[in-house]
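Please look over the sequence and the model below.

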Amino acid sequence: MAPRWKWKGAEAKALAEPISKSVSELQLSLAETESSGTLSSSNVLLAVEPEQAELLDRCCFGRLVLSAEKVKKWIQLSFEEAFYLLYNLKCIKISLQGRCLENEVDTWLYMKSKRPNFPMFFKAYSHLRSKNWVLRSGLQYGVDFVAYRHHPSLVHSEYSVLVQSGDSDRLRVWSDIHCAVRLSGSVAKTLLTLYVNGKFKGEDLNLPVCLENFTVEEQTISRWSPELSREDNPQIQNKMLPM
């Protein structure tokens with residue numbers, strides 16, 4: 001499925017301002033000011049300068065929390081977003097109940113205690129984010145994430161993403177696959193499943209270095225259209241002409 005740009009000139013703007021460049025600028029800015037986020041039971045609140053809030057928005061990290069404060073801006077980050085900034089980009093610090101967590105392991109253990117499936121979801125998130133895909137929550141579409149080629153103000157999301165491991169019960173039966181594919185198609189998205197392979201039990205998960213032992217397998221699932229598979233279909237014939 002080709003990218004669906006939201007307005008004329010959006011593609012040119014995206015090419016002129018690649019996400020990777022904005023992320024590099026954000027990484028440098030946050031590291032210089034030693035920005036710190038506060039952990040809660042389900043997210044992280046990050047206090048930043050107004051200019052950094054704009055950078056975070058350009059890179060699609062978190063959501064702005066409205067407040068009367070003018071000096072600082074507050075950004076609400078998901079666990080995946082916060083740990084990506086901490087562990088992969090190494091540009092923020094994390095505190096819990098007023099105490100700065102000294103290392104990444106403490107943050108990892110806290111997030112894993114609140115969400116046992118956090119290691120699997122973070123591996124999937126970082127896998128796509130490192131390829132410069134923009135990820136947002138897919139809750140309203142019945143999936144884990146939706147993936148954008150660039151900023152959501154420029155382009156519609158292309159993929160609805162489901163994350164699962166080898167022992168997952170998701171998409172085990174045909175009716176589940178059929179529902180997921182039909183729902184994705186109805187909102188002009190392609191269903192992308194990310195199979196995270198690795199051991200998700202035991203003491204190995206107590207250190208974020210375990211992520212290096214995980215692998216991610218990508219698989220897109222789409223509907224088979226009988227009309228496009230008929231021998232008398234002009235599109236099929238045209239495709240076969242060069243052969």
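1. T190 is buried, because its relative accessible area is 15% and buried means under 20% (exposed is over 50%, partly exposed in between, with a 1.4 Å probe and protein chains only). T190 lies in strand β10, residues 190-197. Helices (H or I, at least four residues) and strands (E, at least two) are DSSP runs, numbered from the N terminus. A147 is 43 residues from T190 along the chain, and the C-alpha atoms of the two are separated by 9.9 Å.

2. This is a predicted model, in which local features need pLDDT of at least 70 and side-chain atom pairs count only at pLDDT 80 or more, while totals for chains, interfaces and linings use all residues. Residues are numbered from 1 along each chain as its sequence is written, and side-chain values use heavy atoms, with hydrogens and water left out.

3. The protein has eight helices and eleven strands. Its C-alpha atoms fill a box of roughly 70 × 50 × 30 Å, taken along the principal axes. Of its 243 residues, 42% count as buried.

4. Contact means heavy atoms within 4.5 Å. Among the contacts in the protein with a separation of 6 or more, 60% come from residues 24 or more positions apart.

5. G37 lies in strand β1, residues 36-39. Is G37 buried or exposed? G37 counts as buried, because its relative accessibility is 0%. Leaving aside residues up to four places away in sequence, G37 touches V44, L45, L46, K93, I94 and S95. G37 and L86 are 49 residues apart in sequence, with 9.7 Å from C-alpha to C-alpha.

6. Most residues other than glycine have a negative phi. C60 has a positive phi, near 60°, and is a residue other than glycine. C60 lies in the loop between α3 (50-59) and β3 (63-65), and counts as buried at 0% relative accessibility.

7. L171 also deserves a look: its phi is positive, about 55°, although L171 is not a glycine. The loop that holds L171 runs between β9 (159-165) and α7 (174-186). L171 is buried, with a relative accessible area of 13%.

8. How many of the residues of α6 are buried? Twelve of its twelve residues are, and α6 is mostly covered. Among them are F118, M120, K123, H127 and R129. The length of α6 agrees with expectation, because at 1.5 Å a residue its twelve residues should span 16 Å, and its end C-alpha atoms are 16 Å apart. The expected span of a helix is 1.5 Å times one less than its number of residues.

9. The largest pocket holds about 450 Å³ of space. On a 1 Å grid over the protein atoms alone, a pocket is an open set of points with protein on both sides within 12 Å along at least five of seven lines, where a 1.4 Å probe fits; lining residues have an atom within 4 Å of a point. Grid points are joined across faces, edges and corners, and a volume is the space filled by probe spheres set on the points.

10. Of the 19 residues that line the largest pocket, S78, E80, R136, S137 and F145 are the closest to its centre. Two or more lining residues come from each of β4 (73-77), α4 (79-88), α6 (118-129) and β7 (134-137). β7 gives the most, with three residues.
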